[in-house]
Each structure stands twice: as structure tokens, then as C-alpha cells.
Amino acid sequence: MKLLAYSLILICIVACAPQDVPIASRSAQFDAYPQRLFESFETSCTGPGESFEKTGNQKFECYEILPAKASAFLILNYDGNPQDLPQSVTRLTSTKNTAGYRVDANVFFEVPQKDGSVIEVPLESPTLDQSISRLFQAMGGLPS
């Protein structure tokens, strides 16, 4: 009986506590063009095995070489080309709209195929979604 009472009290405390965890989203709305977000993204993509690409003011990509085991897994499971290794890709895309700018994040593995085509294997993770939402909030965006 004491355990049940303790559990109910704990549930009430947790339910009544403020929840400042942002919604898990890979999109956010910004009032103005989020220059600082894109500059920070570019700066963070300068480590060993990383490369940054920018297409105009709309698409920003960070490519990262994967560890050998991850590359082997993707090549074997997605019929990849062992001569052209898979990479992790984080893409931020901005779109101007009536409220300012919408930014969408997309994270995936790019797996080159033997026929020369490339497939994108999405990286699904609630923890990653929360991290992206926190980043957007820290940069002045409203996750949507």
C-alpha cells in the first residue's frame, strides 16, 4: 500500500512539473533569415572526415565519413558499391514564407550503388529529433 501511495505522489509531482522539453521536430520557423544557424552549422562541419557544401542560401550539407563497421553494414544491407563508401549527411534547407523562413533538417546515410545511383537511408531517432529542436530553439527558431 505504501508503494502505491508513493507511486501516486511521484506521478502527480512529475505531471505537475513544468515541461520545457521542445517538441521533437526537424523543422522550425524563424522570423528572419537564420544566418547565425547556418554559419554555426558550417563551422561545426570542419572536423577530420567532414566536408561542407552550400547551394545558394537554401541548402547546406555536412558530409561525414563513417567508421568501417557502419560502412560495411550499409554496403551489405543496401547493395552498396564497396569502391564508393557511404557517408552520413546532415542537410539544412531554408524556405522563405510569409512568416519569415522555415528551416528543415534531414539526416540520412548516402549509399552509392553499383549502378552509379545513390540511395538515401533515413536516420530515425527521437533523441536526434529532440537535439535538433533544441538547436533550432537556441538559434531563435520555433520548432514546428
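The buried residues of helix H2 (35-44) are covered by elements that include E1, strand E2 (50-55), E3, strand E4 (87-97), E5 and helix H4 (126-138). Helices (H or I, at least four residues) and strands (E, at least two) are DSSP runs, numbered from the N terminus. The buried residues in question are Leu37, Phe38 and Phe41. They span an arc of only 90° around the axis, so they sit on the same side of H2. That arc is taken from the directions that run from the helix axis to the C-beta atoms. Buried means under 20% relative accessible area, exposed over 50%, and partly exposed in between (1.4 Å probe, protein chains only).

This is a predicted model: local features need pLDDT of at least 70, side-chain atom pairs count only at pLDDT 80 or more, and totals for chains, interfaces and linings use all residues. Residues are numbered from 1 along each chain as its sequence is written, and side-chain values use heavy atoms, with hydrogens and water left out.

Now the core. The largest nonpolar core has 15 residues. Phe30, Leu37, Phe38, Leu92, Val103 and Phe136 have the most contacts inside it. E1, H2, E3, E5 and H4 each supply at least two residues of this core. A second, separate core of five residues includes Leu66, Phe109, Val111 and Val121. A nonpolar core is a set of buried Ala, Val, Leu, Ile, Met, Phe, Trp, Tyr and Cys residues joined through side-chain atoms within 4.5 Å.

Take Phe30. Leaving out residues up to four places away in sequence, Phe30 touches Leu37, Ala99, Gly100, Tyr101, Val103, Phe136, Met139, Gly140 and Gly141. Contact means heavy atoms within 4.5 Å.

Next, the aromatic rings. The structure holds six aromatic pairs. Rings of Phe, Tyr and Trp (its six-membered ring) pair if their centres lie within 6.5 Å; planes under 30 degrees apart count as stacked, over 60 as edge-to-face and the rest as tilted. Tyr33 and Tyr101 have ring centres 5.2 Å apart and planes at 80°, so this pair is edge-to-face. The pair links distant parts of the chain, 68 residues apart: Tyr33 is in the loop between E1 and H2, Tyr101 in strand E5 (residues 100-112). Tyr33 is partly exposed because its relative accessibility is 24%. Tyr101 has 19%, so Tyr101 counts as buried. The rings of Phe38 and Phe60 are stacked because their centres are 4.0 Å apart and their planes lie at 10°. This pair also links distant parts of the chain, from Phe38 in H2 to Phe60 in strand E3 (residues 59-65), 22 residues apart. Both Phe38 and Phe60 are buried. Tyr33, Phe38, Phe41, Phe52, Phe60 and Tyr101 form one aromatic cluster.

On to the strands. E2 and E3 pair in the antiparallel sense over six bridges. Two strands pair if DSSP finds at least two bridges between them. Glu53 stands opposite Glu61 in E3. The hairpin of E2 and E3 has three residues between the strands, and Gly56 takes a positive phi near 60° there.

Finally, Ser25. Ser25 is found in the loop between helix H1 (2-16) and strand E1 (27-30). Its relative accessible area is 7%, so Ser25 is buried. The side chain of Ser25 reaches the backbone oxygen of Ser144 at 2.3 Å. A polar atom of the Ser25 side chain also lies 3.0 Å from the backbone nitrogen of Ser27.

Conventions. Polar contact = N/O pair within 3.5 Å; in protein donor to acceptor, adjacent residues only side chain to side chain.
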